[in-house]
Amino acid sequence: MRLLVTGAAGFIGSTYVRNVLAGAYGEAGEVRITALDKLTYAGNPANLAEVRGHPDLTFVQGDICDTELLADLVPGHDAVVNFAAESHVDRSIAGADDFVRTNVLGTQALLSAARAARVPRFVHISTDEVYGSIESGSWTEDCALLANSPYAASKAGADILARAYARTYGMDVSVTRCSNNYGPRQYPEKLIPLFVTNLLEGERVPLYGDGLNVRDWLHVDDHCRGVQLVLEKGRAGQAYNIGGGEELTNLELTRLLLAECGADPERIVHVPDRPGHDRRYCVDDSRIRDLGYAPRVPFRDGLARTVEWYRDNPQWWKPLRRTPAVAV
Ligand code: NAD
């Protein structure tokens, strides 16, 4: 199988590429990957260092909005897995242009190129943030998309475009909507790597508002297994929620991180809340569980191993940290 993986130098895309090439989802050697990435501030060639030079991997630096590049690159692939995106909510609040460009127009360009090249399968990576915020209970895939941040709105646009390409053109497109990922190699602007690297540097951690926003945490390896399952067994035009089953308030999570890093609670600094901050996300992921999915990484183990990875790999994150490090 020839796979085109976009956003392949980012946190989740690179994990997926490394896992596929390591044979995590079947015989290694059966899949050849073209890894496409623009290498924005979030794309990091070091994330693919372990597989650099691998005979089944070709890396292409390029933009999913570049229709000429896509017309050359896409033909001959058996499937596209689209991870490429601008992914940080706070940056989308500061300015949404790049988010609409990459997340909406880029996804449309990729769908269109895949259609022109008759690529048989397409999996688009969306997010649970497209649903908005939920006080209690959980979203099924049929719930309305009520995105609140510019990031989530741009992801919702892409998500519905993917569905439209399945309905209108009969393309075999599926969408995944996962909860918050954590794990090694996440850019240190997102909550867990920002807080861990701040604590390892002896600095404070900036907690938004009252810290009672609730998120469901999913280890990146579990997410990537879910994506692979949808690639292999997902139905055309269907969306699949992927959850981790570990709901925590940001304050509870921060306390766990303080404990992992041996830091005391005085390191927490409460900062004004993010505008439009969603209170709670929670997906009902029965649909993908019916395909055989269940998260495997117990949260406390996964979190401890993640903190250990940041402790052991300062050469990866030190060059990426912003100053002052307490800014979010
Ligand atoms: P990331 O920011 O770490 O990586 C995104 C990658 O996309 C980077 O390597 C970047 O260089 C690349 N990219 C950006 N614009 C591009 C363009 N125009 N053309 C080609 N490449 C481009 O993000 P991530 O956390 O790995 O997220 C991957 C996907 O998963 C995204 O679609 C995101 O919306 C989705 N998602 C992430 C989470 C999470 O918790 N991280 C949760 C739900 C969904």
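Colleague: Which element gives the most to the lining of the second largest pocket?

Modeller: That's α5, with four residues. Helices here are DSSP H or I runs of at least four residues and strands are E runs of at least two, numbered from the N terminus. A pocket is an open set of points on a 1 Å grid over the protein atoms alone, where a 1.4 Å probe fits, with protein on both sides within 12 Å along at least five of seven lines; lining residues have an atom within 4 Å of a point.

Colleague: Okay, and where do all these values come from?

Modeller: This is a predicted model, where local features need pLDDT of at least 70 and side-chain atom pairs need 80 or more, while totals for chains, interfaces and linings use all residues. Residues are numbered from 1 along each chain as its sequence is written, and side-chain values use heavy atoms, leaving out hydrogens and water.

Colleague: Back to that pocket. What volume does the second largest pocket have?

Modeller: About 200 Å³, counted as the space filled by probe spheres set on the points. Its lining has 14 residues, and Glu141, Arg163, Arg177, Gly237 and Ala239 are the closest to the centre. Both α5 (150–169) and β6 (173–178) give two or more residues to that lining.

Colleague: How do the residues of that lining divide?

Modeller: Seven are charged (Asp, Glu, Lys or Arg), five nonpolar and two polar.

Colleague: And what about the largest pocket, how much space lies in it?

Modeller: About 240 Å³. It has 18 lining residues, and Val20, Tyr25, Val31, Gln228 and Glu232 lie nearest its centre. α1 (11–21) and α7 (220–233) each put at least two residues into the lining. By class, you get nine nonpolar, five polar and four charged.

Colleague: So α7 turns up there. Is it mostly covered or mostly uncovered?

Modeller: Mostly covered: eleven of its 14 residues are buried, meaning under 20% relative accessible area with a 1.4 Å probe. Among the buried ones are Asp222, His223, Arg225 and Gln228. That Gln228 is also one of the residues nearest the centre of the largest pocket.

Colleague: New topic: why is α6 largely enclosed by the rest of the structure?

Modeller: Because eight of its ten residues, in the stretch 191–200, are buried. They include Ile192, Pro193, Phe195 and Asn198.

Colleague: Which residue with a positive phi follows α6?

Modeller: Gly202, with phi near 80°.

Conventions. Buried < 20%, exposed > 50% of the residue type's maximum accessible area, 1.4 Å probe, protein only.
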